[in-house]
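Please follow the charged side chains through the model shown here, and then turn to a patch on its surface.

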Amino acid sequence: MADLDDIKDGKDFGLDRPAIAEGFFVKGSAHLDWGMQHRLSQIFNPKTGRTVMLAFDHGYFQGPTTGLERIDLNIQPLVEYADVMMATRGSLRASISPATQKPVVLRCSGGNSILGELSNEAVAVNVEDAIRMNAAAMAAQIYIGAEFEHQSIKNVIQLIDTGMRYGIPTLAVTGVGKAMARDARYFGLSTRIAAEIGAQYVKSYYIEEGFARVVAGCPVPIVIAGGKKLPERDALEMAYRSIDAGAAGVDMGRNIFQSDDPVAMIQAVRAVVHDLQTPDKAFQLYNDLKKKG
């Protein structure tokens, strides 16, 4: 118990100025609970409002793809340069040191593989385990226009509802089937649906034409997927253009861990996302770091 002696009355109540009522820097999140906002501020850098997510959850449907054969060898050295890890609970528990201070966006959908219909997913993680994993957010695919569109939307809604109960944001990941058009109309539809059902942020793909309209039409942040492996200069160009058009960051996997020098590449991506470096300067940084490495 505090000592009751020498209690002094307060003097400076700041009566000449109103109480500070700050807004919140993450788009569309001003009215969320404190815990939800706190988790989002772990994902998005409060100084820039943007994020570099390191995605290595591919194994949940692709298996040991190139660059992810040994997560302990290939991914652990990259973690310190990422803002966030996007991973499955299995890979985290088996291969990533729990001493890391990096937040986790936990892959919570599953039940499919590259051998079947990708949109046929289920919620694969109970919210209690997400809490045990100290997840900063939960993630699931939303397949608009695919065979199992309805089920994928239900999966994301389930995560959103449980996340709202426990203060954990949900990331809706726009899945695209092989036969679907990758254009502004499709991604505008998909990202808006994800936001309308309550996702706190959305992962989508960058497109050359109309991406700024996609971002403007989505009332929550959009981070772009890295997609297939590109030459390093091209991947940095894609990141730069997406940020310039209003994206709140990137969630890159193959364009980092399949790079000729993954450690140099993730630092170059950070330079684009957080420092707004041009692709040319970021590519020069990549080459300089590659030589030193």
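**Salt bridges and a nonpolar patch**

Lys290 forms a salt bridge with Asp260, with 3.8 Å between the closest N and O atoms, where a salt bridge is defined as a side-chain nitrogen of Lys or Arg within 4 Å of a carboxyl oxygen of Asp or Glu. This pair links distant parts of the chain, since Lys290 belongs to helix 12 (residues 279–292) and Asp260 to the loop between helix 10 (254–257) and helix 11 (262–275), 30 residues apart; helices (H or I, at least four residues) and strands (E, at least two) are DSSP runs, numbered from the N terminus. Lys290 counts as partly exposed because its relative accessibility is 34%, whereas Asp260 counts as exposed because its relative accessible area is 61%; the classes are buried under 20% relative accessible area, exposed over 50%, and partly exposed in between, with a 1.4 Å probe and protein chains only.

The model is predicted, so that local features need pLDDT of at least 70 and side-chain atom pairs count only at pLDDT 80 or more, while totals for chains, interfaces and linings use all residues. Residues are numbered from 1 along each chain as its sequence is written, and side-chain values use heavy atoms, with hydrogens and water left out.

Searching the whole structure gives 15 salt bridges. One of them joins the side chains of Arg107 and Asp57 at 3.0 Å, N to O, and it links distant parts of the chain, with Arg107 in strand 3 (residues 104–107) and Asp57 in the loop between strand 1 (51–55) and helix 2 (59–62), 50 residues apart. Arg107 counts as buried because its relative accessibility is 5%, and Asp57 counts as buried because its relative accessibility is 5%.

Within helix 7 (residues 184–196), Arg192 and Glu196 lie four residues apart, about one turn of the helix, and they form a salt bridge whose closest N and O atoms are 2.7 Å apart. Arg192 is partly exposed, because its relative accessible area is 38%, while Glu196 counts as exposed at 55% relative accessibility. Elsewhere, Glu208, Arg233, Glu237, Arg241 and Asp280 are linked in a network of salt bridges.

Ile114, Leu115 and Leu118 form a nonpolar patch on the surface, together having about 330 Å² of accessible area, computed by the Shrake-Rupley method with a 1.4 Å probe, where for residues only the protein chains shown count as cover. Patches are made of residues with over 30% relative accessible area and no salt bridge, like charges being joined within 9 Å and nonpolar side chains (Val, Leu, Ile, Met, Phe, Trp, Tyr) within 5 Å. Leu115 lies in the loop between strand 4 (109–110) and strand 5 (122–123), and Leu115 is exposed, with a relative accessible area of 82%.
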